[in-house]
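Subject: Structure for your review

Dear colleague,

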Amino acid sequence: MNVKSVLNTRNSIIFTQILSYILILLIPITFTGIVYLVTVRTIEQETNRANLAMLKQVQLNMDNILKDAERLSFDIAFNPGIQLLAASQDNNWNSRQYEVSQIVKEFKRMNIANGYIDDFYVYFKNLDGVISSTAASRSNFMYPILVTNDLRYEQWIDTLQHAYSGRYISMSDKTSSMEDSEALAYMRSIPITNSEKPLATVVIKFNPERFAEMIQNIQLAQYGGIFILDNDNNILTSTASFPLSDILQTGELDRNDNILVKGRGKDSLIISYSESDVSKLKYVSIVRRDIVMEKSEFTEKLMIASIVLCLLFGGAISVLLAWRNYNPVRNLIRIVQNGKIKSSYDRSSNEYQFIYEAIQDALQEKEKINLKLKQQSSVVRADFLQKLLKGKFGHISVHHNAFYALDMQFISDDFIVVLLSIEDQGKLIPLEVGDDFEAKSKLPSFVITNVFEELLGQGYKSFVTEIDEKIVFLVNLQASEAVDPVQELASIIEELQGFFGKYYDLSLTASISDAHTGIRGMQEAYQEAIEAHDYKLIAGNGKIISFQSLKYNVRDYFYPLEKEQKLVNCIKTGEFEKGKQLLDDIIRSNFMDGAPTAEMTRYFMLDLASTVVKTVKEIAADEPVEKLFECETVAELQTEITNILSLVCKRIQSKTGNRFYEMSRNIIQFVNNHYGEVTLNVAMIADHLGITPSYMSRLFKEQTGETLPDYINKVRLEKAKVLLRDEKLNISEAAVKVGYLNSNALIRSFKKYEGVTPGKYKGS
């Protein structure tokens, strides 16, 4: 592949490499441009802040100067002589000459330390006179002395007669000289406590030239102009040679921003604005942007030149490096083609795609071969493990050869078998329409196996298979006497149950065998795990059952005929609370202090379920009882029997009413209390309850499903069984104690209801 053929290939990676190098080159250039923009912005912001700081300096200096004027105005306003003269009702100026002369003397004694204050005087409204530190006379005589600008006399008098609570104004002719800064004055009305009705006005005149001189010393004034405005936005003083109204509308100063920008580009103006909280004066500076930013122009030109040079030289180097790095790819394509992994290079795709497809084809072939080998190995190993645990191999020597062939290397000769059964698939296999149920049903076992092996860690090695819908783990133990492997495995399984219960609503029941040695020990461990797993009938689903805890549970279950008959009576009479308590006592007596074997537990569950089913069918109730034989644990059976008992009792009570229900209970209670009396019969019970025998018999039949004489005989027989078997009485003694006249009556009842004689029952 020469240069010409490569360049003729539109999809060649050399173009991508060149573009990549250029893009990489653009990254620092882009960041450099961003840094430049940020730098320029920062310089501009810092300059604006510096301008505002200098403007604040002007404001601070002015505030200090103007505070002296305010203090002087207070000294004058509170002068007793001035207050008396201002409040006097006598408007004859000539008659007040003595008081006026005294005030002039006091004004001369006042030391004006502030060089910015030119003069001060007081105008008295009632006298139409003016007193200053140099002279005192009527206002028309004082006008040419005090007013040196173009302000007319009428305008001057009108200004003096307004009310002022301390204000800086420009005493110039606003119609002819809007921006005349030679008439700055501070005005305050007397009395101070009632400035709305002034009697006199204090006027303090400032020297505007000193203000201009002070502002000119600020560096900011060298680049632009500074304006000082009063409350009405009138210009009090300025260093600019241009009018403010040509640039800025005074209403724009009412915004919260301290900095404004007028115009665009280099000709734009930066306007800084500040207002004094002391004097309420406004300070405005105006500076051209090009003067402020002239320092950054050189940086801008240097930055642009460096970017252009980087693009030119960087682009050339990118092309050279791309071609140099392309040579190994070109050589690799030749090797792939010569190795016949793939056909000739197709120029419609790039070189990397060609190499990728060639390698992927080779890997897919390898994956298919490995997958077939792995599938066969896992199936064979699982089948081998099933036969090994069930003891179906005849010659033990065959096992060792098979272990090596199936990659089953053990870390010791000690083994424990763990069985896991999934009680609820939970969230692991949500089935939808069209899903492969067989494939998805294997997902929980796969996930559980991987998590369990992960939790085992380095201390164990496990091999897994499935037998009778249970996941079977053959756990190979490390040789360590310091750790109880059964307890440690129980902790690991508890963590496994917690994980799947929390995140997947999956219920797992586990059983653990004891530790055994050798191949025979594997089979013994499996049988122990099976036997322990059967005990979930007692422990319930979702439990961990170890064979160690079951070694001494070998006794039979306890379910005597007396308790069975009591449970039957409770169902027939609709006594739910009594029946539920009796059911709880029967189960508690069997499983509170231990438990029978799993086989005996199954017989007990079947016996108990048969009692309930037989009784429900006998009273012709339509409640479903088939679920009793589907219960997998004692707890499930207890819950199901309780539900059936509740339904049957409610139906019986609703059918006969509370009154009839109580009457049936009274009959049963009376029989249970007097079964040993020979005279006990239907008439005796009816007489005791105060009803007719026929009505009572019919009511009892409807309530219990059997006749009253049959019930009396059954109660007597149950009591006789206890006396014959438990108390070892003979037939005659037992007959008398349960209310029969003689032994023959007991024998006849035994044959009728039990099918055997008392003697055979006692000897069985």
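Helices here are DSSP runs of H or I with at least four residues, numbered from the N terminus. Please note also that this is a predicted model.

Helix H18 covers residues 561-573, and Gly 574, which follows it, has a positive phi, near 75°. Buried residues of H18 include Glu 564, Gln 565, Leu 567 and Lys 572.

Turning to the nonpolar cores, the largest has 40 residues, of which Phe 124, Ile 131 and Phe 206 touch the most other members. At least two residues of this core come from each of several elements, among them helix H3 (80-87), strand S1 (117-124) and strand S6 (200-206). Helix H2 provides the largest share, 10 residues. Leaving aside residues up to four places away in sequence, Phe 124 touches Ile 82, Leu 85, Ala 86, Gly 129, Ile 131, Leu 199 and Ala 200. There is also a second, separate core of 28 residues, which includes Leu 583, Ala 609, Ile 619 and Leu 645.

The aromatic residues deserve a paragraph of their own. The count comes to 15 aromatic pairs. One of them is formed by Tyr 168 and Tyr 186, a tilted pair with 4.7 Å centre to centre and 50° between the planes. Because Tyr 168 lies in strand S4 (residues 165-170) and Tyr 186 in strand S5 (residues 184-190), this pair ties together parts that are 18 residues apart in sequence. Tyr 168 and Tyr 186 are both buried.

Phe 452 and Phe 473 form another tilted pair, at 4.4 Å centre to centre and with 40° between the planes. Here, too, distant parts of the chain are linked: Phe 452 belongs to helix H14 (residues 443-456) and Phe 473 to strand S14 (residues 470-477), 21 residues apart. Phe 452 is buried, as is Phe 473.

Finally, two arginines are placed over tyrosine rings. Arg 716 lies over the face of Tyr 740, 5.5 Å from the ring centre. Arg 725 lies over the face of Tyr 761, at 4.7 Å from the ring centre.

With kind regards

Definitions and conventions: Residues are numbered from 1 along each chain as its sequence is written. This is a predicted model: local features need pLDDT of at least 70, side-chain atom pairs count only at pLDDT 80 or more; totals for chains, interfaces and linings use all residues. Side-chain values use heavy atoms; hydrogens and water are left out. Rings of Phe, Tyr and Trp (its six-membered ring) pair if their centres lie within 6.5 Å; planes under 30 degrees apart count as stacked, over 60 as edge-to-face and the rest as tilted. Buried means under 20% relative accessible area, exposed over 50%, partly exposed in between (1.4 Å probe, protein chains only). A charge sits over a ring if NZ of Lys or CZ of Arg is within 6 Å of the ring centre and within 35 degrees of the ring normal. A nonpolar core is a set of buried Ala, Val, Leu, Ile, Met, Phe, Trp, Tyr and Cys residues joined through side-chain atoms within 4.5 Å. Contact means heavy atoms within 4.5 Å.
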